[in-house]
Amino acid sequence: MLTKKGKYGLKALVHLARMPTGQLAFVGDIATGNNIPKKFLDAILGELRNAGFVQSRKGKDGGYRLARPADDIKVGHVVRVLDGPLAPIPCASRTQYQRCEDCNEATCQVRHLMLEVRQAIAEVLDQRSLAEMRDIGLDDLAVGMKVQA
Amino acid sequence: MTARANAVNSIIIVGGGASGVVLAAHLLKSPNPDLRVTLIEKRPHFGQGIAYSTLLSAHVLNVSAAGMSAYADDPGNFWRWLLERGLAKADQAPVYAPRSVYARYLKELLDDLETRERESGRLRLIREESLSISPTASGVEVALANGTSVVAHMAVLATGHDEQPAQGHAVRMGSEADTALDPDASVMVLGTGLSMVDAFLALEQRGHKGDITAVSRRGLLPSPHRKGNPIKLDVADIPLGTQLSYFVGWFRELIRENQKAGIDWRDVVDGLRPFNQKIWQNWPASAKRRFVEHTKAWWDIHRHRMAPEVYARVTEAVQSGRIRLVAGRVTRIAQGETFSVDVQSRHSQLVETFDVARIYDCSGIVRDISTSSNSVVRSLVDRGLGRPDPMRIGLDVSANCEIIASDGTVSRKILAVGPLTRGTFFEIDAIPDIRVQCARLSRQLLG
């Protein structure tokens with residue numbers, strides 16, 4: 001399940017993917033531009049830096065930028081770092097498995113199907129790069145405008 | 001032109017060692033009556049290569065027999081072959097068969113294919129050295145050392161590990177330079193991995209009694225296999241595309257968690273195996289570089305293990321002082337009647353001098369491909385038709401095994417399988433990985 005943390009992280013990265021190559025973005029600008037609480041954003045960017053997706057510079061002119069081209073970072077890479085194993089429900093994970101109190105995982109058909117669903121989630125998210133996600137928005141916008149016209 | 005006119009019917013496989021034979025076997029599963037597979041090998045025997053040419057019974061496979069089938073879709077093929085010949089008993093698993101037995105398995109497999117395809121003419125074996133591959137208007141031409149050449153629609157390089165001569169004063173175990181030795185002489189081995197273990201076993205077999213100093217940067221000995229059950233993981237569980245330190249942190253934590261639940265670390269390392277290529281391919285270049293420089297030695301001793309019986313012999317020799325493992329680097333070699341070798345310790349930085357009668361080069365099989373001893377590979381690189389991968393551990397190939405020219409062009413006619421492709425596929429030295437690659441390539445080429 002994509003948490004708020006995952007969603008904010010992706011929005012922040014799309015923001016960075018729109019910047020000219022190498023240019024730093026201020027945390028304050030990312031936060032206001034995407035409606036993200038700044039303190040939360042600081043924590044999220046810190047985790048993304050530890051995983052090697054963004055670089056930061058401290059100081060008055062400090063800020064964040066992508067550590068590598070937006071084509072090279074897949075959406076699935078980012079979601080796993082922020083939200084943990086891709087899983088539609090908490091019991092459908094092998095490493096961060098959380099037992100449901102009200103059922104038996106060996107015989108639970110729901111869990112069984114959800115394990116399959118997570119493969120499909122991984123397939124989609126690991127194929128799409130940040131650059132593609134950034135550009136999907138523009139395509140959709142264009143389609144929407146055509147429909148209106 | 002229709003798609004049909006582009007169909008690939010004739011394929012030359014350059015290199016008839018294990019990966020070449022495995023690829024031929026997968027290609028010939030195709031029912032296409034027009035298929036022509038030409039397998040070229042310079043050694044007198046097909047199916048052996050460097051890996052399986054040893055005759056020593058102590059040189060056993062580093063993977064248990066249950067994992068060594070030549071066929072990706074029939075994992076029990078080798079195990080059944082052993083049972084049918086009475087070379088193993090059904091209740092005896094895991095079995096680590098001698099490599100010479102595996103060579104026999106591949107030879108019989110190829111003999112069977114030859115018999116089966118005699119009428120169809122779909123398989124042709126050539127015992128000759130290949131010199132070069134050149135693209136032509138309609139396909140490729142492979143020049144042979146006897147002055148003739150063979151043509152086909154495409155060629156697949158399956159030349160395996162490089163056979164570069166040993167460096168400096170060192171010699172390769174079993175080479176011509178490896179002459180008779182005083183049985184009590186001290187020797188040095190450069191490397192402490194599986195090749196060093198092979199060298200130790202060969203020395204033992206010859207009745208050598210002298211002590212052995214094995215030197216590598218970290219002085220680490222590979223771990224033994226233990227019977228177990230790999231843990232189940234999905235790709236959705238594994239962090240991809242992160243920096244190396246993040247991944248290593250995750251993996252160490254995963255091992256710790258599992259150990260707390262009483263699960264052996266081997267089962268965690270082996271549970272990751274189906275995803276190793278994916279993990280490698282998603283890493284940024286910086287993570288790959290760091291892995292090769294810093295983490296690979298640690299990974300290798302956990303991932304590439306040896307048979308428990310072999311490990312018992314080696315550790316006994318280490319405990320008795322027969323083998324001394326040294327973490328350090330050779331800083332000077334002086335040749336007199338014997339060799340005087342200075343080794344600087346990795347930990348204390350102190351230099352210790354060893355007096356040895358021979359130095360064996362067991363320092364690993366990964367070399368810069370542009371200085372390859374294989375003339376086909378070298379000529380591709382020299383002419384810009386191929387290039388080393390960014391890590392310089394193999395030949396640069398696409399995810400479809402097509403070689404990539406120095407200008408970045410992806411070849412549609414020259415491909416590669418096996419250890420040559422490790423820059424793209426990472427762990428592609430062992431049969432369990434090579435057979436999967438060959439099965440996929442066969443589907444890609446022949447549908």
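These legends accompany several close-up views of a predicted model.

**View 1. Three domains make up chain B.** Let's begin with the layout: domain 1 covers 4–162 + 367–446, domain 2 covers 187–223 + 305–361, and domain 3 covers 235–303. The centres of domain 1 and domain 3 of chain B, taken over C-alpha atoms, are 28 Å apart. Where these two domains of chain B touch, domain 1 gives six residues and domain 3 gives seven residues. On the domain 1 side of this contact, five residues are nonpolar, none is polar and one is charged.

**View 2. Six strands of chain B form an open sheet**.

**View 3. Strand 11 pairs with strand 12 in chain B**. Here we zoom in on one pair from the sheet. Strand 11 of chain B spans residues 339–345, and its pairing with strand 12 of chain B is antiparallel, over six bridges. Which residue of strand 12 is the bridge partner of B:Asp342? Look for B:Thr353.

**View 4. Helix 1 and helix 12 of chain B cross**. Two packed helices are described by the angle between their axes and the distance between the axes. For helix 1 (residues 18–27) and helix 12 (residues 431–446) of chain B, the axes come within 9 Å and cross at roughly 40°. That angle makes helix 1 of chain B oblique to helix 12 of chain B. The crossing of these two helices of chain B is right-handed. Residues to find in helix 1 of chain B include B:Val22 and B:Leu23, while those in helix 12 of chain B include B:Ile434 and B:Cys438. The residues of this contact divide into ten nonpolar, three polar and one charged.

**View 5. Chain A meets chain B**. This contact takes 22 residues from chain A and 15 residues from chain B. Helix 5 (109–127) of chain A gives the most to the chain A side, with five residues. On that side of chain A, eight residues are nonpolar, seven polar and seven charged.

Key. Residues are numbered from 1 along each chain as its sequence is written. Chains are lettered from A and ligands numbered from 1 in the order in which they are written. This is a predicted model: local features need pLDDT of at least 70, side-chain atom pairs count only at pLDDT 80 or more; totals for chains, interfaces and linings use all residues. Two strands pair if DSSP finds at least two bridges between them. Helices (H or I, at least four residues) and strands (E, at least two) are DSSP runs, numbered from the N terminus. Ala, Val, Leu, Ile, Met, Phe, Trp, Tyr, Cys and Pro count as nonpolar, Asp, Glu, Lys and Arg as charged, and the others, Gly among them, as polar. Domain bounds come from an automatic or database domain assignment. Axes are lines fitted to C-alpha atoms, for helices over the stretch in contact, and angles run from 0 to 180 degrees between N-to-C directions. Angles under 35 degrees count as roughly parallel, over 145 as roughly antiparallel, 65 to 115 as roughly perpendicular and the rest as oblique. A crossing is left-handed if the near helix is turned anticlockwise from the far one by less than a right angle, and right-handed if clockwise.
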